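Thanks for coming, everyone. Please keep the viewer open.

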Amino acid sequence: MSIDFAISEPIESQKLTEREEQVLTLTAHGYTSEQIAWMLDISQRTVTTHRSNLMRKTHSNNVAGLVRFAFKLDLIS
């Protein structure tokens, strides 16, 4: 059985928004949805929506996939 660990690029027409990058960076740094919502002055539901959009755009299945993607974009080190 082969497991592909390649990290997909977002589809060209679906580049990340500035807010999505902020949520991605904070998520990768380990902040909770509640903390991110407070930091960005948005609702937790909005944070959840941004994470869902990020997962769709990056073809990630979970937060670990988002963290790998953040590393690839050099949003975290």
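How are α1 and α2 oriented to each other: roughly parallel, roughly antiparallel, roughly perpendicular or oblique? α1 and α2 are oblique to each other. On our scale, angles under 35 degrees are roughly parallel, over 145 roughly antiparallel, 65 to 115 roughly perpendicular, and the rest oblique. The pair packs at about 135°, with axes 10 Å apart. Axes here are lines fitted to C-alpha atoms, for helices over the stretch in contact, and angles run from 0 to 180 degrees between N-to-C directions. The crossing of α1 past α2 is right-handed. Handedness is set this way: left-handed if the near helix is turned anticlockwise from the far one by less than a right angle, right-handed if clockwise.

Some ground rules. This is a predicted model, where local features need pLDDT of at least 70, side-chain atom pairs count only at pLDDT 80 or more, and totals for chains, interfaces and linings use all residues. Residues are numbered from 1 along each chain as its sequence is written, and side-chain values use heavy atoms, with hydrogens and water left out.

Now the overall layout. The chain has four helices and zero strands. Read from the N terminus, the order is α-α-α-α. Those elements are DSSP runs numbered from the N terminus: helices are H or I with at least four residues, strands are E with at least two. The chain has 77 residues, and 32% of them count as buried. Buried means under 20% relative accessible area, exposed means over 50%, and partly exposed is in between, with a 1.4 Å probe and protein chains only.

Next, the other helix pair. α3 and α4, the latter covering residues 63-72, have axes that come within 10 Å and cross at roughly 70°. That makes α3 and α4 roughly perpendicular to each other. α3 passes α4 in a left-handed crossing.

On to charges. How many salt bridges does the structure hold? One. The cut-off is a side-chain nitrogen of Lys or Arg within 4 Å of a carboxyl oxygen of Asp or Glu. The partners are glutamate 20 and lysine 57, at 2.8 Å, N to O. Glutamate 20 lies in helix α1, residues 18-28, and lysine 57 in helix α3, residues 44-58, so the bridge ties together parts that are 37 residues apart in sequence. As a general point, side chains of opposite charge can pair when their charged atoms come close.

Are these two partners buried or exposed? Glutamate 20 is buried, at 4% relative accessibility. Lysine 57 is buried too, at 8%.

Now the surface. Tyr31, Trp38 and Met39 form a nonpolar patch with about 380 Å² of accessible area together. Patch members have over 30% relative accessible area and no salt bridge; like charges are joined within 9 Å, and nonpolar side chains (Val, Leu, Ile, Met, Phe, Trp, Tyr) within 5 Å. Areas are Shrake-Rupley with a 1.4 Å probe, and for residues only the protein chains shown count as cover. Methionine 39 sits in helix α2, residues 33-40. Methionine 39 is partly exposed, at 37% relative accessibility.

Next, the stretch from α2 into α3. Serine 43 is in the loop between those helices. Serine 43 is partly exposed, at 36%. Glutamine 44 is in helix α3. Glutamine 44 is partly exposed, at 43%. Glutamine 44 and serine 33 are 11 residues apart in sequence and 5.7 Å apart in space, C-alpha to C-alpha.

Last topic: backbone angles. Most residues other than glycine have a negative phi. Aspartate 41 is in the loop between α2 and α3. Aspartate 41 is exposed, at 69%. Aspartate 74 also has a positive phi, near 60°. Aspartate 74 belongs to the segment after α4. Aspartate 74 is exposed, at 66%.

That's my tour. Over to you.
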